[in-house]
Amino acid sequence: MKNKEAKTKYPIHPNLKKRWSPRAFDEKPVEKDKIRRLFEALRWTPSSYNQQPWRLIIGFKGDETYTLIMDALSSRNQSWAINAPVLIAVFGRKFQNNSEDNNKVYQFDVGQSMAYLTVQAMEENLYVHQMAGIKPEKMVENFEVPVQYKPLTAAAIGYIGDPEILPENMYDSEIAERTRFDFDEIIFSGKFGRKSSLFEK
Ligand SMILES: Cc1cc2nc3c(=O)[nH]c(=O)nc-3n(C[C@H](O)[C@H](O)[C@H](O)COP(=O)(O)O)c2cc1C
């Protein structure tokens, strides 16, 4: 297996360094205790006004929920996610709790909750591959999602697998070098777009 760890300029937490998004998963099932710990980590994500807008549906390979999540993925994502032993569908509550006022940052909070889950997953040697490629209307239909909630993403979870199981086009990206913007392109000082001297050394 090619080393896909982040090549960092500065040292970071080992779980963050190790994390990446594979498409090849091992068929080994994931222990329920581990999954419980992933959701425990997610539960302790900070959120605006502690609104906790995240809602998730979990399916284990072989059960009906898994099939319904699979059905609501884009066809490209279906082609590799079928290897994963666990699928989750991710939803956000659009409104403040007990109110009709919009929660302006619900998607931000739900995204953050997935980051918490993902970092805890590395602690369990589990990999998470998030997917924007879903069919939202299928999610709503398959799970009878109330109107206050929006289907946002899905994610595949499992142990890392052999890239050889993937079709050729996906195999190439599975073993490709991982890339990121440089600090100068994303961290500014003084004016938007003006690089910070912080990273000169
Ligand atoms: C919100 C979100 C949506 C994504 N959607 C998809 C997707 O639909 N299909 C897919 O193959 N990868 C998807 N990805 C994975 C990204 O392509 C991947 O995170 C990115 O290329 C960086 O690679 P890394 O996670 O291995 O560092 C998504 C990731 C995130 C965070």
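Reader: How many helices and strands does the chain have?
Author: This is a predicted model, in which local features need pLDDT of at least 70, side-chain atom pairs count only at pLDDT 80 or more, and totals for chains, interfaces and linings use all residues. Residues are numbered from 1 along each chain as its sequence is written, and side-chain values use heavy atoms, without hydrogens and water. Along the sequence the pattern is α-α-β-α-α-β-α-β-α-β-α-α-β-β. As DSSP runs (helices H or I, at least four residues; strands E, at least two; numbered from the N terminus), the chain has eight helices and six strands.

Reader: Are helices H3 and H6 roughly parallel or roughly antiparallel?
Author: The axes (lines fitted to C-alpha atoms over the stretch in contact, with angles from 0 to 180 degrees between N-to-C directions) of H3 (residues 64-71) and H6 (residues 136-143) come within 8 Å and cross at roughly 155 degrees. Angles under 35 degrees count as roughly parallel, over 145 as roughly antiparallel, 65 to 115 as roughly perpendicular and the rest as oblique. The helices H3 and H6 are therefore roughly antiparallel.

Reader: Which residues of H6 meet H3?
Author: Contact means heavy atoms within 4.5 Å. From H3, the residues involved are Thr 65, Leu 68, Ile 69 and Asp 71. Their partners in H6 are Lys 138, Met 139, Asn 142 and Phe 143.
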